[in-house]
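Student: I have the model open in a viewer and want to go through some local geometry. Can we take it piece by piece?

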Amino acid sequence: MATLVEREDALATLRNAYEECEGGRGRTVVVSGPPAGGRSELLHAFCDHVLGSGALLLMAAGSRPERTVRLGVLSQLVHNAPLPPDLVRRVAEAVVDPAFAPDRAGERGGPEGRRTGTGLIGEACEALLRLAEDRTVVIAVDDLHFVDEESLRALLYLRRCVRPARTLLLFTEWADVWCARSAAAALRAELTGPPYRRIRLAPLTRDGVARLVAQSLGPARAARCAATYHRLTGGNPTLVRALIEDDAAAGDPGGPPAVGEAFDRAVLACLHRWEPGLAALARGVALLGPRASARLAGELLGSPPGLVTRGLEALGEAGLLEAGRFRHPAVAAAVLKDLDPAEAHRLRARTAELLYHHGAVAEEVADHLVAGGGVPGPWAVAPLREAARRALVVNDDARLAAEYLGLARRCCRDEHERASVTAELAMARWRTNPSAAIRLTPLRDALSHPGPSARDMPVVVRNLLWRGDHGEAEKALTLLHGGNGRLDAQTAAEIDLTYQWIYGPRRAAPGRAAPARPDAADPWTRAAAVLGARLHAWRRDELVESAWHLLRGSRLSETSLGVLATGLIALTYADELDRAVAWCDSLVAEAVRRRAPAWRAMLGSVRADLALRQGDPAAAGAYARTALDLARAQSWGVLIGYPLSTLVLAATATGAYDEAYAELEQMPPDHTFETVFGLRYLHARGHLHLATDRVLAAYTDFTRCGDLMREWGVDIPALVPWRGDLAQAQLRLGNRDAARDLVTAQLARPGAIGARLRGISRRILAASGGRGERVPLLRDAVADLRTSGDRLELARTLADLSRAHQEAGDPARARRTALAAAGEARAGGVTVRTPDVLDLVRETGARPGPPRTPDDRLAALSDAELRVAAQAALGYTNREIGTRLHITPSTVEQHLTRVYRKLRVGGRRHLPAALLPCLPGAADRRQAV
C-alpha cells in the first residue's frame with residue numbers, strides 16, 4: 001500500500017490527540033482542506049492505526065445526496081456501535097418516520113442539558129458516551145459539510161460532553177463550503193469552534209507530487225514529469241493519482257503524461273461530490289473559456305459576483321483552475337461532456353448571446369451556437385455570417401463556413417436576408433459539395449420576390465450554369481445584366497467566362513446585354529471578350545496574352561474557377577501545353593492546401609485533358625479517375641462529361657476498351673448534351689466506337705456533334721474537331737473523297753487551328769490522299785506535333801510516315817521512323833497498331849524502346865548542324881530543308897557534309913533515328929520551358 005505523502009505531520013497530530021484521549025482527556029480534532037485534497041485518505045490511515053490499538057472506532061460519512069435524510073449520520077454511528085437493539089431500532093425508525101420531532105437537548109449544554117436530554121437524540125448520545133467508560137472511543141465523521149441538521153445537533157451534544165470522557169471526535173470538512181445552507185452552516189460553525197485542534201491540509205508541493213509518482217511509476221518517470229504533473233493538477237492528490245493511472249495505461253515512459261479517462265472520471269467525481277452550484281460554475285468557466293470572469297460567469301448563471309468569486313477560489317484550491325482558467329483542456333471537455341443535452345443547448349445559446357453583447361469575436365459566438373445544436377434568435381445571423389466569411393477568407397475552411405451559414409439560414413426571419421444567406425451558403429458549399437450548392441438556389445428563388453440581392457445573384461447564376469439548365473441560366477443572366485444594380489466589370493467577366501467554359505463562346509441571348517468588346521477599357525472585360533472572339537477569328541498572340549492576364553490576375557476561388565479553367569484551356573488551344581501544365585499543377589496544389597476537394601476535382605479534370613493533349617493517356621486516365629473520385633457524381637452537374645470523356649479517350653488510346661465501355665455506363669445528365677462537355681463526350685464515345693470497329697455508331701456520334709456545334713454557333717475546331725473525327729469514320733467506310741473534303745474544310749476554319757490540331761488534320765488528310773502526297777503531308781504533320789507536344793498523336797503520325805516510306809520504297813527511312821514511332825508510343829503508354837511497321841522493326845533486329853536522346857556523336861554537332869540533320873533524317877530534300885530553316889540549299893549541303901563526317905555515316909539514309917527528337921519545333925519547345 002502506498003504511504004501518505006506530505007501528510008506525515010497531520011497523521012502524527014492525530015495520533016498525539018488519540019494518546020491524550022487514552023489518558024482520559026477527550027479531544028475534538030477537525031481536519032480541513034480543499035476539495036479532494038486528501039482529507040478522507042488521512043482519516044482512513046488514522047483509523048487503521050486506531051483499529052490496531054484496540055479502541056472502539058465508530059465511523060460515519062456525510063454525502064450530498066443524503067444530507068436531507070434526517071438523522072442519517074447519527075443512524076450510521078448507532079448502527080456501528082454496540083448499543084441496545086431497541087435503541088438502534090428506534091433510531092432507524094426515526095429516520096423514516098415523518099412524524100418524528102427531535103428534542104432540542106443538543107442545544108443545551110452542561111449537566112442540565114444532559115439531565116433533560118430525554119429525547120431520542122439525547123438518549124442515543126448518552127449511550128454513545130457511556131461506551132467510553134470501558135475503553136477509548138473514536139467517533140470519526142467524514143465530510144462534515146454534508147451532514148444533516150439533526151445529526152449535527154447530536155454531534156454538537158457529544159462535543160459538549162466529551163471533555164471528561166475517553167472520546168476522540170474527529171471531523172473532516174471542506175472549510176469554505178460554497179453556497180452552504182444557513183441553518184446547517186451555523187451548527188457546523190459552533191461544532192467546529194474552539195476549543196478544538198484543527199489540521200489544515202495544503203495541496204501537494206512539486207516534491208510531494210514527485211514522491212507520489214515515484215511510488216507508482218518509478219523515480220525516473222517522476223524526475224522527468226513531476227513538474228508537468230504538478231502543473232496539470234495543482235497538487236490535488238486525487239487528480240495526481242488519476243493522472244498516474246492514465247500514464248500507466250498509456251505505456252509510454254518516454255512521452256509526456258497522458259491525460260485520459262481516469263483523469264476525466266476524477267474531475268467529474270470531484271464536481272459531483274460538491275455543491276451543485278460549484279459544478280454549474282465549472283461548466284460556466286468551461287463555456288466562457290478565455291473570457292471567463294466572475295462578472296461574466298455571474299451573468300451566465302444568474303449568481304451574485306461575490307458568490308461566484310468564492311466559487312472560483314474553491315475551484316482553484318481544488319487544483320482545477322489557475323488564474324481563473326482550467327489547467328488542462330481535458331478538464332473543460334470533461335465538464336462539458338457531462339451536460340444534459342437540453343441544458344447544454346440553453347447554456348450554449350446563453351453564452352453565445354452574452355459573448356456577442358460583450359464584443360467577442362464572431363468565431364467564438366458562432367462556435368457556441370453551432371455546438372448548442374438549437375436555433376437561436378435572429379440576433380445570431382450577423383455573427384454567424386461574419387464567422388463564415390472569416391472561415392472562408394482567412395482559414396479556407398469551407399465546411400465550417402457552411403455549418404455557420406446553415407444555422408444562420410435557419411435563424412432568419414426576414415426573407416431578403418434569408419435569400420442572401422442562402423447565396424452565401426451555396427458559395428461555401430461549392431468547395432466540398434457542389435450538388436448541395438445547386439439544390440440551394442433553384443431558379444424560382446432567383447426570379448421570385450424577394451430573391452437574392454444584386455450582390456448575391458451571380459452565385460445563383462453560377463449554380464444554374466453548373467446544373468445545366470441553359471434556358472433558365474439565360475433568363476437569370478438577363479435578369480442579372482438588366483437589374484437595377486450595376487455589375488462590376490470583374491464579376492461580369494467571371495460569369496461570362498464561366499458561361500463560356502460550359503457552353504462555349506455563344507452569342508448573347510435576346511434581352512441580355514451585349515458582350516463586351518475586345519477593345520473595352522477594363523482589363524477583365526477585355527480579356528473575357530478576347531477569349532471569346534479569338535476562338536472564332538484565330539489570333540494566337542492575343543489569345544495567349546488574354547489567358548495569361550486572367551491566370552496571373554485571378555486568385556483561386558469559387559467565382560474564379562471557371563475563369564482559370566478557361567484561361568488554361570485557351571493556352572492549350574494555342575499549343576502552350578507546358579505552361580498550361582505548370583500553371584494547372586500550381587492551382588491543384590493550392591486547392592489541396594486550402595482543403596477544397598471540389599476545386600481539386602475540377603482542376604484535375606483540366607489536368608487530365610492537358611495530359612491527354614500531351615500524348616500521355618496513362619497519366620490522363622489517372623488524373624481523370626482521381627477527379628471523379630474526389631466528388632460524387634451528383635456533385636459534378638453537367639461538368640461530369642469533362643473527366644468522363646477524358647477517361648474514355650485515355651482508355652481507348654491504351655487499348656482498354658472494356659474499361660472504356662464500362663465508364664460509358666455512367667451516363668451524364670441529359671443537360672450535359674447542351675454543353676461543351678456533352679460535345680466532348682460524343683467525341684470520346686465516337687472514337688471508342690471507331691477503335692472497336694463500330695464505325696456506323698462512331699459516324700452517328702460525330703455527325704450529331706457537328707450538328708449541335710453548328711446549331712449553337714460554336715463551330716470551332718479547337719472545342720471539338722468533329723470534321724476530322726467524321727473524316728476518320730468516312731475513311732473506314734471507304735469514302736476517301738468525303739474524308740478529304742471534311743478535313744480540308746477543318747483546316748480552312750478560322751477558329752483556333754493550332755499546331756496540334758493542324759498536325760492531326762494533316763495526318764488524316766494524308767490518309768485520304770494519294771501516295772505521292774502522303775510523305776510531305778506527314779512530315780509537316782510530324783513537325784507540327786513535335787511543336788505541340790502531343791506524343792500520342794506524334795507516335796501515330798510517325799507510324800503512318802513509316803508506312804508511307806515503306807510504300808515509297810525507302811525501307812531504311814521506314815525503319816528509323818518506325819523505331820521513333822514505337823519509342824514515342826511506349827513513352828506515352830500506348831501501342832500504335834501498325835503491323836507492317838512492327839514487322840519491319842523485327843526484321844531489322846531492333847527492339848522498340850523509349851525515345852532516345854542524341855548519343856555522344858550528336859553532342860559534337862553544332863545547333864545549326866543538328867537542326868539540318870534532324871530534317872534530313874525525316875526525309876526532307878536539301879531545298880525543302882533550306883526553305884523550312886531559311887537558309888540556302890548550298891548551306892544545307894555544307895552542314896550535311898560535316899554531319900556525315902562527325903557521325904561517320906555514308907549519307908542521309910544512315911542518319912540515326914536519335915535525331916528525330918531534335919527537330920526544331922521540339923528544340924524550341926524545350927527552350928520555351
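Student: Is His886 buried or exposed?

Tutor: His886 is exposed, with a relative accessible area of 73%; exposed means over 50%, buried under 20%, and partly exposed in between, using a 1.4 Å probe and protein chains only. This is a predicted model, where local features need pLDDT of at least 70, side-chain atom pairs count only at pLDDT 80 or more, and totals for chains, interfaces and linings use all residues. Residues are numbered from 1 along each chain as its sequence is written, and side-chain values use heavy atoms, with hydrogens and water left out.

Student: Where does His886 lie, and what is its phi?

Tutor: His886 is in the loop between helix 47 (878-885) and helix 48 (889-903). Helices (H or I, at least four residues) and strands (E, at least two) are DSSP runs, numbered from the N terminus. The phi of His886 is positive, about 60°, although His886 is not a glycine. Most residues other than glycine have a negative phi.

Student: What about phi at Ala323?

Tutor: Ala323 also has a positive phi, near 55°, and is a residue other than glycine. Ala323 sits in the loop between strand 6 (321-322) and strand 7 (325-326). With 74% relative accessibility, Ala323 counts as exposed.

Student: Switching to charges. How many salt bridges are there?

Tutor: The structure holds 46 salt bridges, each a side-chain nitrogen of Lys or Arg within 4 Å of a carboxyl oxygen of Asp or Glu.

Student: Which residue does Asp790 pair with?

Tutor: Asp790 forms a salt bridge with Arg756, and their closest N and O atoms are 2.7 Å apart. Asp790 lies in the loop between helix 41 (771-788) and helix 42 (791-807), while Arg756 is in helix 40 (residues 755-768), so the pair ties together parts that are 34 residues apart in sequence.

Student: Are those two buried or exposed?

Tutor: Both Asp790 and Arg756 are buried.

Student: Next, helix 2. What span should it have?

Tutor: Helix 2 (residues 39-53) has 15 residues and should span 21 Å at 1.5 Å a residue, the expected span being 1.5 Å times one less than the number of residues. Its end C-alpha atoms are 22 Å apart, which agrees.

Student: Which residues of helix 2 are buried, and what covers them?

Tutor: Arg39, Leu42, Leu43, Ala45, Phe46, Cys47 and Val50 are buried. The cover includes helix 1 (8-22), strand 1 (27-32), strand 2 (56-61), strand 3 (137-142) and strand 4 (167-173), where contact means heavy atoms within 4.5 Å. Helix 2 is followed by Gly54, with a positive phi near 95°.

Student: Last one: at what angle do helix 11 and helix 12 pack?

Tutor: Helix 11 (residues 237-250) and helix 12 (residues 261-273) pack at about 160°, with their axes 7 Å apart. Axes are lines fitted to C-alpha atoms, for helices over the stretch in contact, and angles run from 0 to 180 degrees between N-to-C directions. The two helices are therefore roughly antiparallel, the term for angles over 145 degrees.

Technical notes:
Angles under 35 degrees count as roughly parallel, over 145 as roughly antiparallel, 65 to 115 as roughly perpendicular and the rest as oblique.
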